[in-house]
Amino acid sequence: MKLNLNIQPLNTWLNVNNEPLIISGPCSAETEEQLLTTAHLLAATGKVSVLRAGIWKPRTRPGEFEGIGSIGLEWLKRAKTETGLPTAVEVANAKHVEEALAAGVDILWIGARSTVNPFTVQEIADALRGHDVPVLIKNPVNPDLQLWIGAIERINGAGITKIGAIHRGFSSFEKSSFRNEPMWELAIQLKTLCPELPIINDPSHICGNRELIPYISQKALDLDMQGLMIESHVDPSVAWTDAKQQVTPAALSELVDRLTVREPESTNEAFVDKLADLRKSIDKIDDILLQKLAERMAIVEKIGEFKRDNQVTILQVNRWDAIIKKGHAFAKALKLDLNFTEKFLELMHGESIRKQTEIMNAGKAEKGIAAEQHSEVVK
């Protein structure tokens with residue numbers, strides 16, 4: 001089901017001079033000199049469309065630098081005047097919205113820590129009512145698509161039609177190379193539900209270090225995201241916040257030059273015809289896969305009935321271990337990704353457990369009804 005949102009196309013409210021769209025600037029506005037110097041260097045690259053800077057910074061623990069505050073808005077105003085770049089800041093409450101709009105900030109964004117709280121989002125939405133300002137909404141910290149959608153709907157419900165989403169990754173207990181797991185599938189689901197919604201990737205917060213930013217940036221573009229928000233600082237080594245994930249303006253320029261921008265569609269007839277043929281082949285295989293899955297689940301039901309009738313537990317750990325080992329070996333031989341294979345097997349196994357549980361419970365329910373009926377007869 002598609003989302004019923006009223007959203008204007010990105011190119012109607014933002015002048016994107018270059019592709020891809022690049023929103024860049026320091027994680028935090030620290031001093032007027034730091035912000036202005038960074039802004040001028042970014043503007044000089046000719047690759048940046050919007051200047052971003054953190055004015056109010058939500059920190060995990062008190063005592064950490066929580067942003068320079070309202071005075072930074074004046075620095076942003078000067079940077080805009082001197083460079084011609086429109087500006088963007090994060091807002092986390094109604095007061096932030098009012099001050100940012102009064103200072104002439106062009107684009108507002110709602111951070112991940114705010115998106116996770118519907119009360120906060122609604123407060124921001126109420127403060128935005130009656131204003132015609134673009135708003136970008138970051139995904140919530142936790143991987144909850146409904147929270148992300150809910151925040152977008154609240155802002156749209158306040159009459160804001162210039163809306164974009166920012167994919168900045170999600171917190172996870174699993175340790176990996178990333179600060180926040182990309183979980184691309186959630187961004188893809190959002191795009192599927194609302195194709196007209198621009199999605200901008202934030203590789204800085206996904207990576208947490210500058211070395212991985214090129215990789216994530218390219219993958220985001222390959223997934224047809226409309227732009228990138230990359231943090232840049234004149235001297236990241238002395239940055240007051242998130243030093244490891246910021247790049248210099250020169251490094252940003254080099255990074256953008258190395259990106260390959262691909263088109264979502266092609267007008268080449270030979271390409272279109274060949275792609276259509278390949279997709280037909282995929283569709284046929286998908287049909288066979290679904291048929292085989294249905295056959296497999298029919299056997300699972302018979303196994304469930306057999307276990308029920310013989311008082312055997314649903315789960316046999318040794319059997320599951322054997323399936324995983326065999327699956328890994330087979331996947332390796334077929335040159336399939338092991339992680340993908342394991343997730344696929346886990347999905348099938350989970351569905352098998354669900355079906356067998358239904359059968360076990362149905363059997364108990366039937367016995368319970370029969371016992372009740374027998375009791376009534378005896379009475």
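Student: Why is Trp148 called buried?
Tutor: This is a predicted model, and in it Trp148 has a relative accessible area of 0%. Buried means under 20%. The value 0% is under that cut-off, so Trp148 is buried.

Student: Where does Trp148 lie?
Tutor: Trp148 lies in helix H6. That helix covers residues 145-157.

Student: Which residues does Trp148 touch, leaving out those up to four places away in sequence?
Tutor: Among them are Thr115, Ile137, Asn139, Ala165, Ile166, Phe170, Leu186 and Leu190. Contact means heavy atoms within 4.5 Å. Take Ile166: Trp148 and Ile166 are 18 residues apart in sequence, and their C-alpha atoms are 9.9 Å apart.

Student: What makes the span of H6 close to the expected one?
Tutor: H6 has 13 residues. The expected span is 1.5 Å times one less than the number of residues. For H6 that is 18 Å, and the helix reaches 18 Å from its first C-alpha to its last.

Student: Which other residues of H6 are buried?
Tutor: They include Leu145, Leu147, Ile149, Gly150, Ala151, Ile152, Ile155 and Asn156.

Student: What covers the buried residues of H6?
Tutor: The cover includes strands E4 (107-110), E5 (135-138) and E6 (163-167). Helices H4 (112-115), H5 (118-128) and H7 (184-193) are also part of it.

Student: Asn139 is one of the contacts of Trp148. Buried or exposed?
Tutor: Buried, because its relative accessible area is 0% and the cut-off is under 20%. Asn139 sits in the loop between E5 and H6. Beyond its neighbours within four places in sequence, its contacts include Ala112, Thr115, Trp148, His167 and Arg168.

Student: Why are Cys194 and Cys207 both called buried?
Tutor: Cys194 has a relative accessible area of 0%. Cys207 is at 2%. The cut-off is under 20%, so Cys194 counts as buried, and so does Cys207.

Student: Why is Glu64 called partly exposed?
Tutor: Glu64 is at 37%, so that is its class. Glu64 is in the loop between strand E2 (50-52) and helix H2 (71-83). Its C-alpha is 9.5 Å from that of Trp240, 176 residues away along the chain.

Student: What is the phi of Asp224?
Tutor: About 65°, a positive value, although Asp224 is not a glycine. Asp224 lies in the loop between helix H9 (213-222) and strand E8 (227-231). Its accessibility is 35%, so Asp224 counts as partly exposed.

Student: What makes Gln311 exposed?
Tutor: Exposed means over 50%. Gln311 is at 67%, so it counts as exposed. Gln311 also has a positive phi, about 55°, without being a glycine. Its place is in the loop between H11 and H12.

Student: Which helices each supply at least two residues to the lining of the largest pocket?
Tutor: H11 (269-309), H12 (317-334) and H13 (338-378) do. The pocket has a volume of about 850 Å³. Of its 29 lining residues, Arg296, Ile323, Phe344, Leu345 and Met348 lie nearest the centre. By class, the lining has 19 nonpolar, 6 polar and 4 charged residues.

Student: What volume has the second largest pocket?
Tutor: About 490 Å³. It is lined by 27 residues, with Arg113, Arg168, Arg179, Asn180 and His205 closest to its centre. That lining divides into 6 nonpolar, 7 polar and 14 charged residues.

Terms used:
Residues numbered from 1 in each chain as written. Predicted model: local features only at pLDDT ≥ 70, side-chain atom pairs only at ≥ 80, totals over all residues. Heavy atoms only, no water. 1 Å grid on protein atoms, 1.4 Å probe; cavity = no way out; pocket = protein on both sides within 12 Å on 5 of 7 lines; lining within 4 Å. Points joined across faces, edges and corners; volume = space filled by probe spheres on them. Helix = DSSP H or I, 4+ residues; strand = E, 2+ residues; numbered from the N terminus. Nonpolar A, V, L, I, M, F, W, Y, C, P; charged D, E, K, R; others polar. Buried < 20%, exposed > 50% of the residue type's maximum accessible area, 1.4 Å probe, protein only.
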